[in-house]
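Here are some numbered points on the model, written for a colleague who may wish to check them.

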Amino acid sequence: MLEKVAPHRLRGQSIIWSQDFDCGLLKDIFDRADKLPRGRRNSALRNKRVILLFYEVSTRTRFSFEAAVDDLGGTRLDTENASILSSVAKGETLEDSIRVIASYGDAIILRHQEDTAAMRARDILQSNNIWVPVINAGCGGVGGQHPTQSLLDLYTIKKEISRTEGLTVAMVGDLKHGRTVRSLAYLLGKFPGNQIHFIAPWELMIGNDIIAYLKRHKVDVTLGTDLGKVVESVDIVYMTRVQKERFSDPAAYERLKGSYRLTVSLAERMRPEARIMHPLPKVDEIDPAVDLLPQAAYFRQADNGLQIRKALLEMILGE
Ligand code: CP
């Protein structure tokens with residue numbers, strides 16, 4: 001039987017940027033995710049149709065949102081390569097597509113290559129008095145964000161380390177193009193006592209806007225190129241892939257793609273209770289032998305995506 005819950009303040013709201021969450025809202029989402037029975041279905045989204053509009057490839061985000069809609073008893077319209085399989089191929093603008101598609105469903109989950117796509121989608125709907133929430137499922141690169149990934153990342157940290165404050169986190173790899181890194185940095189900035197070491201080749205270093213935000217929020221930030229210098233002191237190593245698809249210069253990608261590789265010998269220098277995370281997909285920045293270490297949390301992290309996305313959809317659309 002469906003548990004009776006009062007409508008949440010997220011009801012009908014779009015999810016565009018991580019910095020829009022506050023600590024109370026994060027707690028509500030995590031509590032809800034904890035309470036949702038794993039592997040059990042309910043009918044929270046009965047009579048609701050969710051549209052998944054993906055202009056970029058995805059495995060985890062798309063399948064976990066699809067599974068979440070199914071588990072909550074909703075229906076869905078789904079396009080996994082909207083740039084080719086929708087009328088964008090004929091030259092239709094994102095704004096026109098969104099206005100039309102919104103009339104077919106109750107929420108739009110959008111992945112797109114442009115940083116501001118989700119915001120533009122929300123804004124075109126609201127300016128036409130169409131109150132269909134838009135969920136950013138990963139938009140853009142250099143200035144982009146992936147707020148639902150950051151929710152499952154922080155939820156994973158809470159489950160694995162038992163806290164979200166007083167953490168020391170090393171974020172490693174392609175931080176320039178890393179929308180998951182940007183979104184998680186915004187969330188870490190909301191809790192006291194957190195420290196972030198950004199470890200990247202200088203050409204792929206985190207943007208100044210994130211550093212400025214973190215400093216405003218009293219997060220201790222260091223920038224460097226050597227994971228070995230901090231690996232023994234951290235609670236979390238958050239590895240990321242060098243994102244080939246974001247490079248305009250193939251030679252630059254070839255030069256930078258092998259910048260980091262987390263080996264077993266490096267990972268074994270981490271404290272036993274520390275954890276290795278990765279938003280996935282991973283390519284060769286983590287030695288597959290690391291997967292067997294107890295510190296490797298990235299597959300549990302991906303698994304947490306379903307619970308978080310179910311909680312989010314229930315709070316936004318649930319009856
Ligand atoms: N982490 C993540 O966004 O993975 P997908 O690209 O497979 O959705």
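What share of the 319 residues of the protein chain counts as buried?

1. The model is predicted, with local features needing pLDDT of at least 70 and side-chain atom pairs counting only at pLDDT 80 or more, whereas totals for chains, interfaces and linings use all residues. Residues are numbered from 1 along each chain as its sequence is written, and side-chain values use heavy atoms, with hydrogens and water left out.

2. Of the 319 residues, 55% are buried, meaning under 20% relative accessible area with a 1.4 Å probe and protein chains only. The accessible surface of the protein chain (Shrake-Rupley method, 1.4 Å probe) is about 13,700 Å², and 51% of this belongs to carbon and sulfur atoms.

3. The radius of gyration, taken over C-alpha atoms, is 19 Å, which agrees with the value near 20 Å that a compact globule of 319 residues would have; the globule rule is 2.2 Å times the number of residues to the power 0.38. Along the principal axes, the C-alpha atoms fill a box of roughly 55 × 45 × 40 Å.

4. An automatic or database domain assignment divides the protein chain into domain 1 (18-145 + 305-317) and domain 2 (147-302), whose C-alpha centres lie 25 Å apart. In domain 1, 30 residues are in contact (heavy atoms within 4.5 Å) with 25 residues of domain 2.

5. Among contacts in the protein chain between residues at least 6 apart in sequence, 79% join residues at least 24 apart.

Technical notes. Buried < 20%, exposed > 50% of the residue type's maximum accessible area, 1.4 Å probe, protein only.
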